[in-house]
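Dear colleague,

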Amino acid sequence: QVQLVESGGGLVQAGGALRLSCAASDSIFQFNSMGWYRQAPGKQRELVATITRGGNTNYADFVKGRFTISRDNAKNTVYLQMNSLKPEDTAVYYCNAGLFVPTTLRYVEVWGQGTLVTVSS
């Protein structure tokens, strides 16, 4: 099974920037969609941004204009550039990859272990 490994998290002041990376152990081109989710303490995991195999992107309203998702198929890596960070962006950020399997009609998902982003005020 493909493994996803996130990196790039850390502590940053409000207004600062971080770039998260999600490296896959196999080709990411196989996945219909890849994305970033986050989970803050005491809250449910929520969608941040997704990018399809064809490069179409989708963002949660609370990150539009601040975060950018991108992919490098040659490096099997997906990125999340986070600018103008706010304290409420503090969370564990998870990488996700989704694949629709036609033979089983199932949508299979793979998750990374997460990387912590802490934004201080």
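The notes below cover the basis of the analysis, strand pairing, the core, salt bridges and some surface features.

This is a predicted model, in which local features need pLDDT of at least 70 and side-chain atom pairs count only at pLDDT 80 or more, whereas totals for chains, interfaces and linings use all residues. Residues are numbered from 1 along each chain as its sequence is written, and side-chain values use heavy atoms, with hydrogens and water left out.

Strand pairing

I begin with strand β3, residues 18–24. Strands here are DSSP runs of E with at least two residues, numbered from the N terminus. Two strands are taken as paired if DSSP finds at least two bridges between them. Strand β1 (residues 4–7) runs antiparallel to β3 and is joined to β3 by 4 bridges; within this pairing, Glu6 has Cys22 as its bridge partner. β3 also pairs in the antiparallel sense with strand β8 (residues 77–82), over 6 bridges, and here Ala23 is partnered by Thr77. Of the 7 residues in β3, 5 are buried (buried means under 20% relative accessible area, exposed over 50%, and partly exposed in between, with a 1.4 Å probe and protein chains only).

Nonpolar core

A nonpolar core is a set of buried Ala, Val, Leu, Ile, Met, Phe, Trp, Tyr and Cys residues joined through side-chain atoms within 4.5 Å. The largest such core has 31 residues, and those with the most contacts inside it are Leu4, Met34, Trp36, Leu80, Met82 and Tyr93. At least two residues of this core come from each of β3, β4 (33–39), β5 (46–52), β7 (67–72), β8, β9 and β11 (115–120). Leaving aside neighbours within four places in sequence, the contacts of Met82 (heavy atoms within 4.5 Å) include Leu18, Leu20, Phe67, Tyr93 and Val117.

Salt bridges

With a salt bridge defined as a side-chain nitrogen of Lys or Arg within 4 Å of a carboxyl oxygen of Asp or Glu, the count comes to 4. One of them joins Arg38 and Asp89 at 2.9 Å, N to O. Arg38 lies in strand β4 and Asp89 in the loop between β8 and β9, so this pair ties together parts that are 51 residues apart in sequence. Asp89 also meets Arg66, at 2.7 Å; Arg66 is in the loop between β6 (57–59) and β7, 23 residues from Asp89. Arg38 is buried, at 6% relative accessible area, as is Asp89, at 1%, and Arg66 is buried too. Arg38, Glu46, Arg66 and Asp89 are linked in a network of salt bridges. A further salt bridge, between Asp61 and Lys64, has an N to O distance of 3.2 Å, and Asp61 is exposed, with a relative accessible area of 63%.

Surface and backbone

Which residues have a positive phi although they are not glycines? They include Ser84, with a phi of about 50°, and Leu105, with a phi of about 55°. Ser84 is in the loop between β8 and β9 (91–101) and is partly exposed, at 42% relative accessible area. Leu105 lies in the loop between β9 and β10 and is exposed, at 66%.

Yours sincerely
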